[in-house]
Amino acid sequence: MSKYIMALDQGTTSSRCILFDKKGNSISSAQKEYTQIFPKPGWVEHDPMEIWSSQLSVAVEAMGKVRAHYTDIAAIGITNQRETTILWDRKTGEPVYNAIVWQCRRTADRIEKVKADGMDSVIKQRTGLVADAYFSASKIAWILENVEGAKERAKKGELAFGTVDTWLIWNLTKGAVHVTDYSNASRTMLFDIHKKCWDQELLDYFDIPALILPEVKPSSFLYGKTSVDVFGGEIPISGAAGDQQAALFGQCCFQQGEMKNTYGTGCFLLMNTGNVPVESNCGLVTTIAASISDDVDYALEGSVFVAGAAVQWLRDEMRMVRSAPQTAEYCEQVEDTGGVYLVPAFSGLGTPYWNPYARGITVGITRGTSKEHFIRATVESIAYQVYDLIEAMGKDFQIHVKELRVDGGASINDFLMQFQSDITGAHIIRPACIETTALGAAYLAGLAVGYWADLEEIKQNWQISREFQPEMEEEKKHKLIKGWKRAVKAAIVWADEEE
Ligand code: ADP
């Protein structure tokens with residue numbers, strides 16, 4: 001039996017590789033940042049060749065650190081930035097344009113037209129998504145319309161489309177395999193999540209030829225093997241899932257009602273809703289969870305755009321702290337924020353408000369407001385935004401959220417986690433491994449090749465590092481939440497009244 005499972009974690013700002021052992025321990029890892037390309041305000045691109053070369057180099061580095069041979073790797077699992085769109089030539093493997101990154105707003109006008117055409121309700125019903133420029137559909141259409149000759153070549157079957165998982169698998173197999181998994185397909189805004197197939201009406205609407213699309217398989221599936229010249233021998237590629245779905249799997253949220261929140265740059269709350277796709281009335285999106293068979297589970301997802309990024313802002317722009325962990329010390333030095341609220345709507349508000357025009361605001365400042373209050377208000381804003389997601393989840397699924405599993409860089413902040421527990425009344429559980437995105441991809445790959453026998457065996461690996469229980473009195477909690485809602489309202493009014 002080979003020793004490790006390799007997880008390739010292709011994120012928005014860096015490519016990472018982690019080798020995991022059977023207990024789910026990280027044995028070796030390597031990470032490399034790569035170039036962000038901003039051709040115009042609001043436009044974001046990556047060079048697909050750099051995505052591939054950085055990912056390959058960290059894989060080789062992680063293997064080199066523990067002198068792993070290709071025979072030591074039982075399988076490869078991939079997790080990736082979602083929605084990012086790449087089109088390339090099937091013969092040469094050459095991209096026809098840079099990758100258009102999920103954050104890129106260049107197709108916002110196209111989406112206004114989608115809404116004017118009344119297609120947003122079709123999109124919601126078939127794909128579970130809110131019509132938005134984040135998702136792949138309008139990005140593919142943009143490339144086909146704006147790159148000379150692309151539309152004709154696509155119609156002749158000369159081009160291939162892929163999200164980043166598909167692009168990596170194509171390159172790892174030297175063009176032998178053109179595939180994606182259900183979780184990534186569900187973020188393209190072209191995939192019928194109920195019938196589990198590409199939706200012809202949406203393809204026609206965006207004028208995208210079906211010939212360019214990859215096959216769609218379960219997230220845990222033997223897609224193919226690496227070409228011999230990549231790692232010196234064949235390694236099975238047998239796991240793929242979008243980053244947030246991979247994290248849900250890595251947190252072992254296999255049962256209906258189990259949920260996790262990832263505290264990174266932004267926050268993503270996902271709840272497994274079992275084999276029913278639940279349609280949201282509260283601004284959540286419905287998505288396919290990473291599943292081990294064609295019989296997929298679904299998830300409800302809520303997103304906060306600015307979470308850990310607000311802490312980076314305190315450090316880099318406000319220069320109030322030297323490091324992110326220092327925020328916890330400042331927060332502990334005051335009893336509360338002294339009535340101050342900060343809404344970090346730096347790039348609009350996500351779930352449940354979906355207001356792209358809202359901007360950041362600080363309210364409740366008095367002569368006694370100190371730097372400590374300001375820092376605490378910023379950190380608390382992360383917890384309030386997650387409270388809003390949990391509240392939306394509770395309404396849509398008619399549940400009272402009792403337990404939340406957490407991960408991501410900012411989940412290490414004990415003050416934040418305690419406040420999160422206080423404000424939501426939920427029991428917060430932080431596992432020993434907070435690299436759950438990569439771990440989820442590894443589990444999916446390992447399950448497909450028998451490295452792990454079943455979900456039960458994987459659950460044994462999940463270890464709690466620390467738990468947080470709510471301690472705040474109800475009355476105080478309600479008062480604080482009420483203040484937060486007023487502050488959000490102020491941020492929205494401020495944007496609404498812009499001339
Ligand atoms: P991503 O994957 O989105 O890059 P990570 O999961 O690596 O994010 O988490 C990094 C984010 O977490 C940064 O925005 C950083 O400001 C924040 N962060 C890291 N440590 C702390 C901390 N101790 N307290 C608060 N925020 C933190």
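Biologist: Which residue just after H3 takes a positive phi?

Modeller: That is Gly128, with a phi of about 80°. Bear in mind that this is a predicted model, where local features need pLDDT of at least 70, side-chain atom pairs count only at pLDDT 80 or more, and totals for chains, interfaces and linings use all residues. Residues are numbered from 1 along each chain as its sequence is written, and side-chain values use heavy atoms, leaving out hydrogens and water.

Biologist: What makes the buried residues of H3 line one face of the helix?

Modeller: Met119, Val122, Ile123, Arg126 and Thr127 are buried, meaning under 20% relative accessible area with a 1.4 Å probe, protein chains only. Down the axis of H3, these buried residues fall within an arc of 100°, so they line one face. The arc is taken from the directions from the helix axis to the C-beta atoms.

Biologist: Why are H13 and H17 called roughly perpendicular?

Modeller: The axes of H13 (residues 371-397) and H17 (residues 474-496) cross at roughly 90°. Angles of 65 to 115 degrees count as roughly perpendicular, so that is the name for this pair. Their axes come within 11 Å.

Key
Buried < 20%, exposed > 50% of the residue type's maximum accessible area, 1.4 Å probe, protein only. Helix = DSSP H or I, 4+ residues; strand = E, 2+ residues; numbered from the N terminus. Axes fitted to C-alpha atoms, helices over the stretch in contact; angles between N-to-C directions. Parallel < 35°, antiparallel > 145°, perpendicular 65-115°, else oblique.
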